[in-house]
Amino acid sequence: MIAHEAHKRIRLIRLLPWRRQSIAPLAGFRVVFGLLVFCATVRFWAHGWIEELYVRPRYLFPYYGFEWLPRPEAPGLYAVFGLLALSALGVAIGAFYRLSAVVLFVMFSYVELLDKTNYLNHYYYVTMVAAVLVLLPAARAWSWDARHSRAAWAAATVPAWVVWAVKLQVASVYFFGGVAKIKADWLLEAQPLKIWLAANAHLPLVGGLLDETWLAYAVAWAACAFDLTVPFFLWRHRTRPWAYAVVVVFHLLTAKLFYIGIFPWAMLVSTWVFFRPETHRRVLGWLVSAVGGVASAVSAPRQARHAHVFSRGAETALATTLSAVAVAALLLMQIALPFRYLLYPGNLLWTEQGFRYSWNIMLIEKAGTVDFHLRDPATGRRWTVDPRRYLTRQQARMLSTQPDMLVQFAHFLAAEERRDGPLEVRAEAWVTLNGRPAHLLLDPTVDLAKQADTFAPKPWILPLPTPTAAPVAVGR
């Protein structure tokens, strides 16, 4: 009976957010996240995407409220990406950690906000993780900063909520990605999976299977169930190894079948944070030893298994409280954002009002064509402008299906094409969504030059016609 009560008390203590626990999972996450961003930045530079996406375009599509952000010339942009790579490496090795984390967050956010054409869910994920890491003591052990500090002995533990914050950040991607999949297109039509799987029918051995309708439905429902449940299985020690095995298979398959950038690899390394401290200590010890010669200088001290459960360590009560409040605010914001689409009328996948920053992952196969019809009221002259005259191929492709980008570009055209007085700009945008026939996206009679791009509902977006038509293959 006494042993049973003691066991219950230990389990209760483990649920307290201020109890002390090993910093190893946080340090391990810091290392893999920093290395991931560093490698991704180098890859971005090596592929020439800085030039293609940020230097070459004549016009960029800023986010609402961030139109004031300047776009530097090419040397300045390359300097931004250089700082981004250096700060990511600084976070990984824990060198000048707080400064490195702030620079990483600021530089990555700046690049992301320059042009909404390049929005990707994993960019949003990196931004949020960078913001969280700014607030956490992730470099108090297993870091360059702690190599000579005897205080590392006291900092080898952190409050449990610190590690929970990172776990919740990773879990939110899966869970809200699953919530986003609870839509008719995904569950009842298996779209856009039908289109994407069929596009891989040329693969040897499995190609014929990927063209089967029943498989698209099975994958759609399985993916939704996976996203909604895997964070809970990763959190529990007994189910974690099996859940992580499924995570590995899931992300390797998505990386092979769908072009979604570094997202699968980001989640593969991020879910490592759920493993026990002992696992992180072993891997970190091997990693530090592999670097060579500095293992004893930067390794974290071992500790008694249950010692100093409530010790304060190196943190002050005020700093810890402020960090906890800021991290909680970031997480609550991410809980609220996925549901803001409820404030807007119409089908979210069609209007895309409230679509970004909501973990709407792999839900859209959208393509379109658009012509802008201009009229000079002073002279009565009319003419049509193809947006590809001003935009890159990628920008023109994204513009054709997104209402907020269409109204932004209409304002650009009104200023660029103006000769004597204000111009009227109307758009004829035909768009397909998840295999449906093409329909008009915007009211072609509305002068977009007089409309504002704000958070308010856009009444000039036409509703998506029903019923759903038979799927046809389109590209995005």
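**Salt bridges, a core and a buried serine**

At 61% relative accessibility, R388 counts as exposed, and that makes a handy place to start in this predicted model. The side chain of R388 pairs up with D386 in a salt bridge, with N and O 2.8 Å apart.

Now look at D404, which bridges to K116 with the closest N and O atoms 3.0 Å apart. This pair joins distant parts of the chain: D404 sits in helix α19 (residues 403-416), while K116 is in the loop between α5 (97-114) and α6 (121-135), 288 residues away. D404 is buried, at 13% relative accessible area, and K116 is buried too, at 3%. Both belong to a salt-bridge network that also takes in R356, D453 and K458.

Next come the strands. E424 and R375 meet in a salt bridge at 3.2 Å, N to O. E424 is in strand β5 (residues 424-433) and R375 in strand β3 (residues 366-375), so the bridge ties together parts 49 residues apart in sequence. E424 is buried at 14%, whereas R375 is partly exposed at 22%.

What about the nonpolar side? In soluble globular proteins, nonpolar side chains tend to be buried together. Here the largest nonpolar core has 133 residues, and L399 is among those touching the most other members. Leaving out close sequence neighbours up to four places away, L399 touches residues including F61, V370, F372 and F409.

Finally, visit S22 in strand β1 (residues 20-22). S22 is buried at 7%, and its side chain makes a polar contact with the side chain of R281 (3.1 Å). A polar atom of the S22 side chain also lies 3.1 Å from the backbone nitrogen of A24.

Note on methods: Residues numbered from 1 in each chain as written. Predicted model: local features only at pLDDT ≥ 70, side-chain atom pairs only at ≥ 80, totals over all residues. Heavy atoms only, no water. Helix = DSSP H or I, 4+ residues; strand = E, 2+ residues; numbered from the N terminus. Buried < 20%, exposed > 50% of the residue type's maximum accessible area, 1.4 Å probe, protein only. Polar contact = N/O pair within 3.5 Å; in protein donor to acceptor, adjacent residues only side chain to side chain. Core = buried A, V, L, I, M, F, W, Y, C linked by side-chain atoms within 4.5 Å. Contact = heavy atoms within 4.5 Å. Salt bridge = Lys/Arg side-chain N within 4 Å of Asp/Glu carboxyl O.
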